[in-house]
Amino acid sequence: MPPSIRYPNHVAAGGSQPPAAEMTNSFASDTASVTDGSKIFSTMNCDGCHGGGALGWVGPSLVDGRWRYGGTDGALYQSIFYGRPRGMPAYGGVMSPGAIWKVVTYIRAQPVPSVVPTQAWPGTETRRP
Amino acid sequence: MRAAALILLVLPVLQGVPQRDSGDWPMPGKDYAATRYSGLSQITPANAPRLRALWSFSTGVLGGHEGQPLVVNNTMYVVTPFPNVLYAFDLTRDGYPLKWKYRPDVNPTSVGIACCDAINRGAVYAAGKIVYNLLDGHTVAVDAITGRELWKTQIGDMGQGETTPMAPFIVRDRVFVGPSGGEFGIYGWVKALDLATGKILWTAHNMGPDSLMIVRPGTFTGGANLGVSTWSGDSWRRGGAPVWGWISYDPQLDLIYFGTGNPGPYNSEQRSGENKWTNSVLARRPGDGSLVWAYQFTPHDSWDFDANAEMILADFVVGGRMRRVLVHFDKNGFAYTLDRATGELLVAEPFAHVTWAKNINRTNGLPVVDTSKTTGASRGNIRGICPSLEGGKSPVSASAYSPRTGLFYTATNNLCMNFEATQVTRIPATPFIGATTPYVAGPGGHMGAFIAWDAARGRKVWEIKEQFPVWSGTVVTAGDVAFYGTLDGWFKAVAIRTGRELWKFKVGSGVVGAPITFRGADGKQYVAVYAGIGGDWFLLAGDVRSDDPADVRPPSDFAPDLGRHTSQGGMVWIFGL
């Protein structure tokens, strides 16, 4: 039975959240885990879809502070473990829970640009050939 | 010898002025030779400045609108990117209302398995059917009059990283299809389906043993099983060679021609050998799939130089003799003219800036590689490789040939790259790449150009520089006008004899599809094109995305201004006088 996860980004009918099992990242404050997670992000081919540094490629950016399926530790874990619609593969069959948590740690350690909402093109006109 | 003499008698018919153009557009490249040339001549350099937007329709889908519409029997057929809706517009009624639309059941998982945006490269018409591929590994046939689904066949396996955006090609009763997945370590192939039932008739792989490649004994002087002997170990089993581009056909020779894509992974040290037949043109018999000849443009590729660009068939004088040729603008930056009966190399000259190779050796057909530009995991970051892996031209950007000028008209990219390869493990359904490849603009700073090319002599005739890479297809007409579109959203007409721009219109989003021209129900000439940036540009310029608040990306560092001129879109436009 898959664990229930609290979904703070979702609308809960009647305002009532589903019962949530506690999902905590035991690798959360471990800087070695960030490095390990970065390596796993490559060896499991995550960068092939999410881009180097998880900036986005075919798959969305994971470092913009925005989350399509929820941004709690548990939601990130579930995304990786079970996969998600539109092509995120389920990695739970080939990755241990520890490995998944290290990737979660790596992603959460990436800086989110402070100006994410606004993209501006100030200054000189674009060059014309 | 006798066969050659008979064929030479037929040549003037092939090469001369065509009969009155049917005015329709039944297959992606207009005709079997993939010329994208129309005999319609109402639009000319004199009146093109008066072209106007006459009609538009939102496809309802945001994403890369590669491919092209079809026009058959006063009906225009449009296939959208995922979810691959098929629209049929009634061109006899004011406003071109829909006759029907077909909304297939297509698996959204395919969006994440497709390497390069959820694009579709078009449908094909034959025998009252519209046939096209769904992204999730199925081919469908729909009745062209009623829109009812006739058959649906699974051809690809997403669990192995295969998706199917390419446009099928039909010869007689055979539908030819191929997979994408060069970035997923697939075992690439071409299949023939029965047009009436959709049943798979044969599957021919692009590497591996002769039995799986459908190669008869004695075909190659290099010996048997070249698809195994040119690979280390069993690396051919996950060697890529996708078939994601265009197909053409010579009815006299009874050969279909298509290109194969890159070997996988990008880290070439995991697959020693020439890696046949990746990055090659293959000539196969449509009946049984047997491979008659093949030529490899980029052996042991370490730059992702897919050879999926169109093979345009034409007959013209090369080196003082009339030749039946095939012309191909390769990602590797060289434009090739080959004898299409034998694969003999006639001309190979750069049409873009090239640094990975010095030239192509005319005697043995092999590139003379600058080994300082060869990449691999042990070699670290290799700088200054030109062209970039987008190619001197993308295979997406199908070029056109005018028998009136004898020249080819094509989009090109002016980009270079650094390339750092890493070891990678194949995990089916996940990417199998192993490289980081940032781009920069090529010499001159402009990132693209639309050019006229003389394939008999191997030289550029004229060039229109563009700020951004040119990624659209081309149509050329008997009125001596060509049309193309830019990534910053301009759709343009140019005079093909001079390279002078005649007209342009801002179509609302970057153009990555190919324009077509057709005769309307009123007898007048019209031009149609999609607008909707995407394909590789969805990956490279992720800041063009606006629809998902959970996917906010910085601009690319080599084209930071692109998002200023375009977001994603989805429009069909029709222009006329």
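**A loop in chain B**

Guide: Let us begin with Trp277(B), which is placed in the loop between strand E16 (255-259) and strand E17 (280-284) of chain B; helices (H or I, at least four residues) and strands (E, at least two) are DSSP runs, numbered from the N terminus. This is a predicted model, in which local features need pLDDT of at least 70 and side-chain atom pairs count only at pLDDT 80 or more, while totals for chains, interfaces and linings use all residues. Residues are numbered from 1 along each chain as its sequence is written, and chains are lettered from A and ligands numbered from 1 in the order in which they are written.

Visitor: What kind of peptide bond joins Lys276(B) and Trp277(B)?

Guide: That bond is cis, with omega at about 0°.

Visitor: And where is Asn279(B), and is it buried or exposed?

Guide: Asn279(B) sits in the loop between E16 and E17 of chain B, and it counts as buried because it has 30 C-beta neighbours inside 10 Å. The cut-offs are 20 or more other C-beta atoms within 10 Å for buried, 12 or fewer for exposed, and partly exposed in between, with C-beta atoms placed from the backbone. The phi of Asn279(B) is near 50°, a positive value in a residue other than glycine.

Visitor: What about the phi of Ala429(B)?

Guide: For Ala429(B) phi is near 80°, which is again positive in a residue other than glycine. Ala429(B) belongs to the loop between strand E28 (415-421) and strand E29 (435-436) of chain B, and with 19 other C-beta atoms within 10 Å it is partly exposed.

Visitor: What is the peptide bond from Cys386(B) to Pro387(B) like?

Guide: It is cis, with omega near -5°, and Pro387(B) lies in the loop between strand E25 (381-385) and strand E26 (400-402) of chain B.

Visitor: Let's zoom out. How many helices and strands are there in chain B?

Guide: Chain B has six helices and 39 strands, and its C-alpha atoms fill a box of roughly 65 × 60 × 50 Å, taken along the principal axes. Its radius of gyration, taken over C-alpha atoms, is 22 Å, which agrees with the value near 25 Å that a compact globule of 577 residues would have; the globule rule is 2.2 Å times the number of residues to the power 0.38. Of the 577 residues of chain B, 60% count as buried.

Visitor: Which strands form the open sheet, and in what order?

Guide: The order is E2-E39-E38-E37 in chain B, with antiparallel pairing, where two strands pair if DSSP finds at least two bridges between them. Strand E2 (52-58) and strand E37 (516-519) of chain B stand at the edges with a single partner strand each, so one side of each has no neighbour in the sheet. Neighbouring strands of this sheet are turned by 25° against each other on average, direction ignored.

Visitor: How many bridges join E37(B) to E38(B)?

Guide: Four bridges join E37(B) to strand E38 (residues 525-531) of chain B, and the two run antiparallel. Arg519(B) has Gln525(B) in E38(B) as its bridge partner.

Visitor: How do H1(A) and H4(A) cross?

Guide: The axes of helix H1 (residues 31-43) and helix H4 (residues 97-109) of chain A come within 7 Å and cross at roughly 105°, which makes H1(A) roughly perpendicular to H4(A). Axes are lines fitted to C-alpha atoms, for helices over the stretch in contact, and angles run from 0 to 180 degrees between N-to-C directions; under 35 degrees counts as roughly parallel, over 145 as roughly antiparallel, 65 to 115 as roughly perpendicular and the rest as oblique.

Visitor: Last one: how many residues of chain A are in contact with chain B?

Guide: There are 31 residues of chain A in contact with 36 residues of chain B, a contact being two residues whose C-beta atoms, placed from the backbone, lie within 7 Å. The chain A side divides into 15 nonpolar, ten polar and six charged residues, where Ala, Val, Leu, Ile, Met, Phe, Trp, Tyr, Cys and Pro count as nonpolar, Asp, Glu, Lys and Arg as charged, and the others, Gly among them, as polar.
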